[in-house]
Amino acid sequence: MSALATAQRAVAASAVPRPDRSTLQRLAAWYALSRVVVWTGVLAGWTLRSDLTANALLRRLDASWYLDTAAFGYAGRAATPDAIVADHAVLRGAFFPLWPLVARYTRPAGVPIEVSATIVAALLGFGVVVGSWVLVGRVADRAAADRAALLVCVFPGSFVLSIAYAEALMLCLVVLCLIALVEQRWWLAGVAAALATAARPNAIVLLPVCLWAAGSAIARRGEWRSLVAPLLAPIGAIGFHAFLWWRTGRIDAWDLIQRNGWDERVDFGAGNAERLGNLLRWSDPDPGTVLLGLGLLTVLAGAWALWWWRPPAVLGLYAGGVIGLAAMAHTLGPRPRFVFTALPLVWALAVRLRGERFNALIGASTAGLALLSVVYIVGSVAKP
């Protein structure tokens, strides 16, 4: 690496804002209050669900699959229709391994895994908040960083940070990778991306993001060492697929599980377009479809704010990749947790809006957070 590149990296590193004690206390207070909003809504809704035990509440929806994977591992059968009927545990192969491993090995003796995993997810969620503050402060300013961190806390999709899902872990790693790419710390970016791709399948968008960053570094400065980031990025996903191949004897094991077990496939947006068309005609006004429409509006607003902001290209590429993958999937689309996972859209709204408009956004987001916490964690009318 040239002396000029070294000097540029030193200047960039010195410009990165570091949260001091008062900042961390402020972020912790915001995050704690947002979790109070989540659990107040959940406990209020729980009073209407006498059939739902405390254990079942902490194992809602995909949380049960992650926790069962942590406890029992992966089944050794390919996900053919007959195998799924014979052994329902085959479906655990859809869930990437890093979060189940973290949940398993951070469980203190004598503590139910449902409790410990929920606490760990919440702590990782605070890491997402702090990382958001650092990155936005790096590419914007401290005032924008404060607004971004606060919006991340109360954004409706952030309810996912309070349940035993993999999003909190994945987003910690994603934010770390994006910070490292902005700072041109290629090894750190690659390792963070590799771990993220072992946490959730949509983290694979970090591969083209790292490729773009490396290509830019090579074109501008001849920094060939930047290629380490895209070379490392897919290792987590590749390793998991190789494990499933060894475990089941099928190279296409994960795809079989998705298609035969979860009715999930790539249809390039046809299913989502049909649902949104039904919503516009009001022929399918169920809560899940309504939330899909609201998610699309949020994505459009975030994309507008991102265009206005013009941050480093890696942020826009990552957000576009996450939303693009969700839109192309048959049953996913812009659900709240996928919109939240596209964090740069959330940051961009916070950077763009100020004063009364930002305050109105925080109020609406807080109300949405409380509502979605009830709908998803307690209710059964929609999938997150």
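Student: In which hand, left-handed or right-handed, does α2 cross α8?

Tutor: Bear in mind that this is a predicted model. With the near helix turned clockwise from the far one by less than a right angle, a crossing counts as right-handed. For α2 passing α8, the crossing is right-handed.

Student: What is the orientation of α2 relative to α8, roughly parallel or roughly antiparallel?

Tutor: Helix α2, residues 21-46, packs on helix α8, residues 142-154, with the axes 8 Å apart and at an angle of about 20°. Angles under 35 degrees count as roughly parallel, and therefore α2 and α8 are roughly parallel.

Student: How do the residues of the contact of α2 with α8 divide into nonpolar, polar and charged?

Tutor: On the α2 side the contact is made by Arg26, Leu27, Trp30, Tyr31, Ser34 and Arg35, which meet Asp146, Ala149, Leu150, Cys153 and Val154 of α8. Sorted by kind, the residues of this contact come to 7 nonpolar, 1 polar and 3 charged.

Student: How many disulfides are there?

Tutor: A disulfide is a covalent bond between the sulfur atoms of two cysteines, and the rule applied here asks for sulfur atoms within 2.5 Å. By that rule the number of disulfides is 0.

Student: Is threonine 118 buried or exposed?

Tutor: Threonine 118 is placed in helix α7, which covers residues 113-139. Leaving aside residues up to four places away in sequence, threonine 118 touches Trp39, Leu58, Ser162 and Ala164. Its relative accessibility is 11%, and since buried means under 20%, threonine 118 counts as buried.

Student: Which residues does leucine 207 touch, not counting residues up to four places away in sequence?

Tutor: Leucine 207 lies in helix α11, residues 206-221, and is partly exposed because its relative accessible area is 23%. Glycine 190 is 17 residues apart from leucine 207 along the chain, and their C-alpha atoms are separated by 9.0 Å. With residues up to four places away in sequence not counted, leucine 207 touches Pro230, Ala233 and Pro234.

Technical notes
Residues numbered from 1 in each chain as written. Predicted model: local features only at pLDDT ≥ 70, side-chain atom pairs only at ≥ 80, totals over all residues. Heavy atoms only, no water. Axes fitted to C-alpha atoms, helices over the stretch in contact; angles between N-to-C directions. Helix = DSSP H or I, 4+ residues; strand = E, 2+ residues; numbered from the N terminus. Parallel < 35°, antiparallel > 145°, perpendicular 65-115°, else oblique. Contact = heavy atoms within 4.5 Å. Nonpolar A, V, L, I, M, F, W, Y, C, P; charged D, E, K, R; others polar. Buried < 20%, exposed > 50% of the residue type's maximum accessible area, 1.4 Å probe, protein only.
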